[in-house]
Amino acid sequence: MNAVAGRVRAARAALHRVSPMALLVRLGIFVVVWAGLLLAFPAQLFSARALLALTVVAVLPAAGPRRVWPTFAALVTVAGWVMASAGYDRPIALWRLLAVAATLYLGHTLCALAAVLPYDAVVDPDVLVRWLTRAAAVVLATSVVGVVLAWLGGIGGADGFQAATVAGLLVAVVLSGLLGWLLRRR
């Protein structure tokens with residue numbers, strides 16, 4: 001019984017030391033992951049139970065960014081996207097695809113920040129602004145590249161899709177090789 005009381009006292013003391021910036025980062029994780037889930041899943045599934053389940057999935061990475069929960073939330077988001085496009089015949093809209101990809105990346109990068117940020121850390125707001133600025137630059141750059149690749153894929157009819165697929169695979173292989181070479185070089 002003393003062990004349980006000690007744990008409760010430690011949790012209460014930790015709760016009183018939480019800094020506003022750490023709380024803001026975790027709130028950002030929740031909002032971004034929840035938005036991604038709402039964008040990915042088909043609207044036909046939105047009932048009270050489903051929204052509660054999606055809310056729980058969004059709370060988990062905010063509560064435990066160092067654990068498996070960010071990966072779990074990303075997999076649930078991708079499963080919702082696949083279910084909506086394959087099971088509910090929702091057409092794949094470029095804006096929705098880019099928005100889901102952006103929320104997946106932002107959720108991932110905010111979880112990385114929260115994982116290294118202690119609850120009681122005093123953080124300069126410029127750190128968060130710089131972090132989010134870099135993340136926004138990555139989202140913008142990948143969105144531009146995605147739109148260009150989608151446009152290139154439409155050139156030439158059915159052959160254009162095949163050329164874009166082959167070009168994308170070549171880029172992925174070259175980047176993987178480059179990253180592997182950089183890791184071995186250390």
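## Arginine 26

Arginine 26 lies in helix H2 of this predicted model. Its relative accessible area is 10%. The cut-off for buried is under 20%, so arginine 26 counts as buried.

The side chain of arginine 26 reaches the backbone oxygen of alanine 62, at 2.8 Å. Ala62 and Ala63 belong to H3, and they take part in the contact of H2 with H3.

## Helices H2 and H3

Two packed helices are described by the angle and the distance between their axes. Helix H2 covers residues 20–40 and helix H3 covers residues 48–63. Their axes come within 8 Å and cross at roughly 145°. The crossing of H2 past H3 is right-handed.

Which residues of H2 and H3 make the contact? H2 supplies Arg26, Ile29, Phe30, Val33, Trp34, Leu37 and Leu38. H3 supplies Leu51, Leu54, Thr55, Val57, Ala58, Val59, Pro61, Ala62 and Ala63. By class, the contact residues of H2 and H3 are 14 nonpolar, one polar and one charged.

## Annotated transmembrane regions

The unreviewed UniProt entry carries the annotation "transmembrane region" for residues 21–40, 46–64, 71–88, 94–119, 131–155 and 161–183.

Two of these spans can be set against the model. Residues 21–40 are 100% helix and 0% strand. The end C-alpha atoms of residues 21–40 lie 28 Å apart. Residues 46–64 are 84% helix and 0% strand. For residues 46–64, the end C-alpha atoms are 25 Å apart.

## Threonine 77

Threonine 77 sits in helix H4, residues 69–87. Is threonine 77 buried or exposed? Threonine 77 is buried, because its relative accessible area is 3%.

Leaving out residues up to four places away in sequence, threonine 77 touches Gly36, Leu37, Ala40, Val100 and Leu104. Leu37 is also one of the H2 residues in the contact with H3.

## Leucine 183

Leucine 183 is in helix H7, residues 158–185. The relative accessibility of leucine 183 is 59%. Exposed means over 50%, so leucine 183 counts as exposed.

How far apart are leucine 183 and leucine 60 in sequence and in space? They are separated by 123 residues in sequence. From C-alpha to C-alpha, leucine 183 and leucine 60 are 32 Å apart.

Terms used. Residues numbered from 1 in each chain as written. Predicted model: local features only at pLDDT ≥ 70, side-chain atom pairs only at ≥ 80, totals over all residues. Heavy atoms only, no water. Axes fitted to C-alpha atoms, helices over the stretch in contact; angles between N-to-C directions. Helix = DSSP H or I, 4+ residues; strand = E, 2+ residues; numbered from the N terminus. Left-handed = near helix turned anticlockwise from the far one by under 90°. Contact = heavy atoms within 4.5 Å. Nonpolar A, V, L, I, M, F, W, Y, C, P; charged D, E, K, R; others polar. UniProt positions renumbered as here; feature names shortened; annotations may be inferred. Buried < 20%, exposed > 50% of the residue type's maximum accessible area, 1.4 Å probe, protein only. Polar contact = N/O pair within 3.5 Å; in protein donor to acceptor, adjacent residues only side chain to side chain.
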